[in-house]
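Colleague: I would like a close look at one part of this model, the charged side chains and how they pair. Please take it in one go.

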Amino acid sequence: MGKTITFNELRKIKDSLPDGSIHRIADELGLDVETVRNYFGGSNFNEGQSTGLHIEPGPEGGVVLLDDLTILDKALDILAESNKTEESVNV
């Protein structure tokens, strides 16, 4: 099942990830790093693969239809983990 979000929302998720997260996602999912970057809007298809990302131009960078949520789910898990770590440090 796919998901539709704006391109800006997708980039915000990517930009919020801690350093090294793209490599971590690639390692944990058995993907090429460039494939993960392509998922977040990159376009290096010589090194990485297409990821079922469909962009329709429009406001907020356009609308993005994600066919597979595996990479997005892993990124959101990392963000939640990172936020939990920050909260425990700030207590």
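Does R24 count as buried, partly exposed or exposed, and at what relative accessibility?

Modeller: R24 counts as partly exposed, at 29% relative accessibility. Buried here means under 20% relative accessible area, exposed over 50%, and partly exposed in between (1.4 Å probe, protein chains only). This is a predicted model, in which local features need pLDDT of at least 70 and side-chain atom pairs count only at pLDDT 80 or more, while totals for chains, interfaces and linings use all residues. Residues are numbered from 1 along each chain as its sequence is written, and side-chain values use heavy atoms, with hydrogens and water left out.

The side chain of R24 meets that of E28 in a salt bridge, 2.8 Å from N to O. A salt bridge is a side-chain nitrogen of Lys or Arg within 4 Å of a carboxyl oxygen of Asp or Glu. Side chains of opposite charge can pair when their charged atoms come close. R24 and E28 are both in helix α2 (residues 21-29), four residues apart, about one turn of the helix. Helices (H or I, at least four residues) and strands (E, at least two) are DSSP runs, numbered from the N terminus.

E28 is partly exposed, at 43% relative accessibility. E28 also forms a salt bridge with K74, with the closest N and O atoms 2.9 Å apart. Because E28 lies in helix α2 and K74 in helix α4, the pair ties together parts that are 46 residues apart in sequence. K74 is partly exposed as well, with a relative accessible area of 21%. R24, E28, K74 and E81 are linked in a network of salt bridges.

Another pair is in helix α3 (residues 33-39), where E34 and R37 lie three residues apart, about one turn of the helix. Their salt bridge has its closest N and O atoms 2.7 Å apart. E34 counts as buried at 17% relative accessibility, whereas R37 is partly exposed, with a relative accessible area of 32%. The count of salt bridges comes to five.

As for the setting, the chain has four helices and three strands, running β-α-α-α-β-β-α from the N terminus on. Of its 91 residues, 33% count as buried. Residues 24 or more positions apart account for 59% of the contacts (heavy atoms within 4.5 Å) with a separation of 6 or more.
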